[in-house]
Amino acid sequence: MIENRLWHPVAAEADLGDAPLAVTLLGEDLVLWRDEEGGVQAFADRCPHRGARLSLGKVVRVDGEARLECPYHGWQFGAGGGCRRIPAVPAFSPPASHAATRHAVVAAHGLLWVRPEAEGEGLPVAPPAFEAEPDARLRKLLCGPYDVETSAPRIVENFLDMAHFSFVHEDWLGERGHAELPAYQVATGADGLRVTNCQAWQPQSNRLSTAGSWVAYDYAVPHPFMAVLSKAPERQAGYRESIALFVCPQQPERSRVWFRLAVPDFASSDAELRAFQHTIFAQDRPVLESQRPKRLPVGRDAPATEVHSAADRSSAAYRRWLRELDVSFGVC
Ligand code: FES
Ligand SMILES: [Fe+2]
């Protein structure tokens, strides 16, 4: 499964404190915890002894070393997974076969990312707005998480879909009188899918906008479950913002979503910026969760069952790209 060779966001960096944190990725339960150097460890959330959930245990310190202690018989595991101690047999030195299963984990964009397989792809490359941190010209802010009862690809496709603005986001990102969607371009390449030269009429395009405006849009999709939108409203000279959508595919039909903003707005508070994003996503969510099937029909195992219009070129290209990549999680 190609998904196992990719990095996926599983938690916000700020959400992992001293206690172990249970997360789910691609149907597997994982536990995150911090070692003695503050580094993040990601283990399968299953004790190699009798299969108890390690996330129900705790992080203990022994001689300055942080260890994850299983809640059942107290076996202790160090950074890297090695079993350090079996309390019922204190003189025994546990061999490598008693180790917890460890996964690679890295921090990026305020999130912790896990790659299930040891070998695989690099981190997805985000557009420049998200690369340099801190970038003094843009304010970065994480919004979420949102737990959504649908597949990750349905959420990404919705993010790329501009024809819903006038209905789902009426009087915010669109209005009925401007429902017609001007033509735009799509292309796929080594860096993923690009959707460019998009235009939308938006009454309230961002928190600071005071009147409707044409807004120039483009999208980069460097990873099956991640997309970045960059937009520039005609009426707000010099205002250009990017919004990254990061989706953790927890189960085929359940996902955890974060948005990361890169905005030239230093005046609004974190709460105000998050409230705007929250208003918009709260409009998307009931529609997203209503879609059937919850898995995106890309025609993987059977001919795809949905019909398209000319406005759906971005979603048609996204589906084609998922099929080419042979993505299997959350699609049908
Ligand atoms: S199940 Fe974990 S120590 Fe026994
Ligand atoms: Fe939307």
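This briefing walks through the fold of one protein chain, topic by topic.

What you're looking at is a predicted model, where local features need pLDDT of at least 70, side-chain atom pairs count only at pLDDT 80 or more, and totals for chains, interfaces and linings use all residues. Residues are numbered from 1 along each chain as its sequence is written, while chains are lettered from A and ligands numbered from 1 in the order in which they are written. The protein has five helices and 17 strands. Here helices (H or I, at least four residues) and strands (E, at least two) are DSSP runs, numbered from the N terminus.

**Overall shape**

- The radius of gyration is 22 Å, close to the 20 Å that the globule rule gives for 332 residues, so the protein is as compact as a globular protein of that length. That radius is taken over C-alpha atoms, and the globule rule is 2.2 Å times the number of residues to the power 0.38.
- Picture a box of roughly 75 × 50 × 35 Å along the principal axes: the C-alpha atoms of the protein fill it.
- Of the 332 residues, 38% are buried. A residue is buried if 20 or more other C-beta atoms lie within 10 Å of its own, exposed if 12 or fewer, and partly exposed in between, with C-beta atoms placed from the backbone.
- Take the contacts between residues at least 6 apart in sequence: 59% of them join residues at least 24 apart. Two residues are in contact if their C-beta atoms, placed from the backbone, lie within 7 Å.

**Two domains**

- The protein splits into domain 1 (2-115) and domain 2 (128-325), with bounds that come from an automatic or database domain assignment.
- The centres of the two domains, taken over C-alpha atoms, are 34 Å apart.
- Where they touch, domain 1 gives 14 residues and domain 2 gives 14 residues.
- On the domain 1 side of that contact, S1 and S2 each supply at least two residues, and the largest share, four residues, comes from S1.

**The sheets**

- One open sheet has six strands in the order S1-S10-S9-S4-S3-S2, with antiparallel pairing. Two strands pair if DSSP finds at least two bridges between them.
- Strand S1 (8-12) and strand S2 (21-25) sit at the edges with a single partner strand each, so one side of each has no neighbour in the sheet.
- From one strand to the next, the twist averages 35 degrees. The axes behind such angles are lines fitted to C-alpha atoms, for helices over the stretch in contact, and angles run from 0 to 180 degrees between N-to-C directions.
- Inside this sheet, two bridges join S4 (residues 40-44) to S9 (residues 102-108), and Phe43 has Arg102 as its bridge partner in S9.
- Another open sheet has four strands, in the order S5-S6-S7-S8, also paired antiparallel. Its edge strands are S5 (58-62) and S8 (83-85), each pairing on one side only.
- S5 and S6 (residues 65-69) run antiparallel and are joined by five bridges; in S6, Ala66 is the bridge partner of Arg61 and Glu65 is that of Val62.

- Leaving out residues up to four places away in sequence, Val247 touches several residues, including Ala152, Ile155 and Val156.
- Helix H2 (residues 152-160) has nine of its nine residues buried, so the rest of the structure largely encloses it.

- Asp63 has a positive phi of about 50 degrees although it is not a glycine. You'll find Asp63 in the loop between S5 and S6, and it counts as exposed, with 7 C-beta neighbours inside 10 Å.
- The peptide bond from Gly144 to Pro145 is cis, with omega near 5 degrees, and Pro145 is in strand S11 (residues 139-148).
- The bond from Arg292 to Pro293 is cis too, with omega near -5 degrees; Pro293 lies in the loop between helix H4 (270-290) and helix H5 (313-325).
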